[in-house]
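Here are my notes on this one, jotted down as numbered points. Have a look at the fold first, then read on.

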Amino acid sequence: MLWRCFKLKKIVVIIIIAMLIIITVNFPLFASSQPIRVAVSLGVFVPVVKDIGGAYVEVFSIVPPGVEPHEFSLSPGVIDNVSRADLVIIDGHIEWENELLNVISQRKNKPIDSFSLNFINYSSNMTILSMPNVSEISGKNYHGYWLLPDNMKIIAQLIYERLVSIDPAHSDYYRSNLQIFFDRISFLENRLSNVKKLLNGKPVVLGFLEEDYIAYAMGLKVVAVLSAGESPTANPNALNLAYNVLKNEGGIIMVSDVASEMPLYNSATQLSKQTGAPLVTVITTINEDYVSSMMYNIGKVEGVISMKNDMLASQVQAGVDPMLIFSISLVSVIIIESLYIFRLRRLLK
């Protein structure tokens, strides 16, 4: 009887050990004493930090959702919260970001480079577009540079290197996540290559400067930018230029999800009605996932192009209700977007 009891206990112990091994392998958080606390200046960097760091990071955005980064102001509470981070990641082109790093440096009594990562410092390795010739601003366009796949790969690599320097014990884990991220970017690049062939340099009117990187990735030709700098309203000269180009050459209007909450969006809507140019709203904030968001943008642009082509073809057909054609085309846009997202999720499983 004692032997059977001992044997049973031994089996239970073996099962428990096996379960602990399985949990540790599949849920590495249980094997980590304390996750790396990462603060990012913009919410757009939260998903990529999670992609690379996985269960070993705890990441938060300094700028709350829905707040325009250029209008954000530092507060004692924000500074206290960021001071407790192991790594502070900034976009680098907004003034308050560098002010924050200086304050944190004094609090920690450490050099800025020892606890922070500034992507602008590596811009020489990235593709940074010049301001569109049609805009009223000259110089480099640092608005939305992370939206280019090549730039995002560099950003992911930099995040990987800093996480490894902080937590070398899990370098293999971070490296594996980085490779998965690169594979997903390759899938996106293949889709963008096909989109470029479809669009073939079609004219596009942008809402803000950051949409320039999406237009560039898709091979669109920027003919006007409605907002001068960060203004929430459309510039009259830009509206006039956009109207003339769209009326004479055709094209599309592309505005960001940020612009959809501003007066500029109303101007873009009126411009679309006056010229017949499709209006497409793309994601630039990327609060969920970079690749999925960009695939969604591809679906939106291809969808409005298909819808426009369908409506033009319908004009030569007699007795067809234009509203019916529009409704069918709109449904096709939704189907295209759903298929892209479904296909991507299956690929990533």
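Predicted model: local features only at pLDDT ≥ 70, side-chain atom pairs only at ≥ 80, totals over all residues.

1. Leaving aside neighbours within four places in sequence, I155 is in contact with F45, V48, F119, M126, Y145 and W146.

2. I155 also turns up, together with F119 and I159, among the residues with the most contacts inside the largest nonpolar core, which has 85 residues. Helix α7 (residues 171–199) supplies the largest share of this core, 10 residues. Apart from it lies another core of 17 residues, including V223, A242, I253 and A259.

3. Now the sheet. It is an open one, with 4 strands in the order β2-β1-β3-β4 and parallel pairing. β2 (57–61) and β4 are the edge strands, each pairing on one side only. On average, neighbouring strands here are turned by 20 degrees against each other, if you ignore direction.

4. Zooming in on one pair: strand β3 (residues 87–90) is joined to β4 by 3 bridges, and the two run parallel. If you want a spot to look at, V88 stands opposite S116 in β4.

5. What lies across the strands? Helix α6 lies across β1 (36–40), β2, β3 and β4, and runs at about 165 degrees to β4.

6. Finally, H143, which you'll find in the loop between β4 (116–118) and α6 (149–166). Is H143 buried or exposed? H143 counts as buried because its relative accessibility is 16%, and the cut-off for buried is under 20%. Not counting residues up to four places away in sequence, H143 touches H70, H93, M131, L209, E210, Y213 and E230.

Methods. Residues numbered from 1 in each chain as written. Heavy atoms only, no water. Buried < 20%, exposed > 50% of the residue type's maximum accessible area, 1.4 Å probe, protein only. Contact = heavy atoms within 4.5 Å. Core = buried A, V, L, I, M, F, W, Y, C linked by side-chain atoms within 4.5 Å. Pairing = 2+ DSSP bridges. Axes fitted to C-alpha atoms, helices over the stretch in contact; angles between N-to-C directions.
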